[in-house]
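Please keep the sequence and the structure in view while going through the points below.

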Amino acid sequence: MARKYLIETFGCQMNVHDSERMAGLLEQAGYEATDDAADADVVVINTCSVREHAEDKLYSRLGELRVMTAQTGHDPIVAVAGCVAQQEGETILARAPGVTDVLVGTQAIRRLPMLVERAAATRRARPLVDVNPYEDVTFPLGVTRRNDPVRAYVTIIEGCNEFCSFCVVPYTRGNERMRPMADILAEVREAADGGRPEILLLGQIVNHYTAPDDPSCDFTALVEAIHDVPAVERIRFASPHPRHFSPRFLEAMQRLPKICRHLHLPVQSGSTRVLEAMRRRYTRDSYLDLVGRIREQLPEVALSTDMIVGFPGETDADFEATLSLTRAAQFQSMFSFKYSPRPNTLADKRLPDDVPEAEKTRRIVELQAVQRGIQTALNQARVGATVSVLVDAASRRRETELSGRTTQNVVVNLPGPPDWIGRTVPVRIERAGAYSVWGRVAN
């Protein structure tokens, strides 16, 4: 019988894609996927450290695996991967002893099968740890086990050099390292020719890309080259940094229809004073000026963002500036978070976490209420319109419905058969809510 593996993923799209890569590597080594830890020979927990709660989830899950082994006798090899493994290293072994066999960092995932095989021989007598900062960003073509039937994640940059004061990414994913343009294009062609019409480019700051194999190729040139791949229908990317957003890329968006009419522009705060403390290196006014230029040149584009409330020193006036920027920008969606100190970051070292937790909660509730009203109004304005929807999944709400996205990244629910998944269909919107719209295929 084939050995089986289970990968559990916490966190961002980059973690999801890392899990796809690890799954492919394990299958290449002879493992088969399972959905049940009680059936798995190997359990990989791919972790996130952007928020403290994500770390707590890891230790909770390790405790559950310990209980499973005690109750059933089933004792799989347990590997902890991802950002918490990179950040905490052997501290995980001390905090949750007797559970973990392998710790593999963000830059060492290609070594996972070898580490698992060695752990099988030694078990927990000597847990294996590899959190070394490997510079190589290549990955064998065709190995990734893609879970999404429509969308292909393609990494173009690993790591980050920005060192925003709140952000742990430079410490968990390392310095900025660019993948060769040739490797990216080969992966795009392989994914699109394999039936995935939408390409989602990944990087902490995608619009800082410069090809190491062609210094004349910046992010705009890379997207232009991907646009020329015949089987590609849609191009998305996450996430650009506002200060690296060029007029040249806006011009490219105007003339290249495969680039989706959605931009995720993380702002983090509406207060210039807080932005300076965050080391974002733009101001409230420069951000809103960028939004204005986007609206003028590409009025059909939907914007989304990230926002943090309760950053050290954030006053009531700073928070009001965040609310007013939110109203001015009219974001289609927002990921909002209460600030929590992250290990090794500049904010954690230098700034006291001085906004009370109750006040953070009050602020995020108010911000989310304002944003919910904005996106509800934007969605209601779409009622009666006919939009192109790439159907990508069965709806989570009803068995008889499907779900897809417009080029603006608006979620559309619609009735239809499962074989529509992967097709782009015209849908007339009939009703709208805060987080999605509903319609029927137009005749």
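1. A residue is called buried when its relative accessible area is under 20%. The model discussed here is predicted. By that cut-off, tyrosine 339 is buried, because its relative accessibility is 5%. Phenylalanine 311 is buried as well, with a relative accessible area of 0%.

2. Aromatic pairs deserve attention next. A search of the whole structure gives 7 of them. In one, the ring centres of phenylalanine 311 and tyrosine 339 are 5.2 Å apart and the planes stand at 75°, so the pair is edge-to-face. Phenylalanine 311 belongs to the loop between strand S15 (302–309) and helix H12 (316–329), while tyrosine 339 belongs to the loop between strand S16 (333–338) and helix H13 (346–350); the pair therefore ties together parts that are 28 residues apart in sequence.

3. One aromatic cluster is formed by Phe219, Phe237, Phe245 and Phe249.

4. Which residues of helix H1 are buried? They are Met14, Asn15, His17, Asp18, Ser19, Glu20, Arg21, Met22, Ala23, Gly24, Leu25 and Leu26. Because 12 of the 16 residues of H1 are buried, the helix is largely enclosed by the rest of the structure.

5. Helix H1 covers residues 13–28 and spans 23 Å from its first C-alpha to its last, close to the expected 22 Å. After H1 comes glycine 30, which has a positive phi near 105°.

6. Two arginines lie over aromatic faces. Arginine 21 is placed over the face of phenylalanine 139, at 4.6 Å from the ring centre. Arginine 95 is placed over the face of tyrosine 59, at 3.7 Å from the ring centre.

Conventions
Residues are numbered from 1 along each chain as its sequence is written. This is a predicted model: local features need pLDDT of at least 70, side-chain atom pairs count only at pLDDT 80 or more; totals for chains, interfaces and linings use all residues. Side-chain values use heavy atoms; hydrogens and water are left out. Rings of Phe, Tyr and Trp (its six-membered ring) pair if their centres lie within 6.5 Å; planes under 30 degrees apart count as stacked, over 60 as edge-to-face and the rest as tilted. Helices (H or I, at least four residues) and strands (E, at least two) are DSSP runs, numbered from the N terminus. Buried means under 20% relative accessible area, exposed over 50%, partly exposed in between (1.4 Å probe, protein chains only). A charge sits over a ring if NZ of Lys or CZ of Arg is within 6 Å of the ring centre and within 35 degrees of the ring normal. The expected span of a helix is 1.5 Å times one less than its number of residues.
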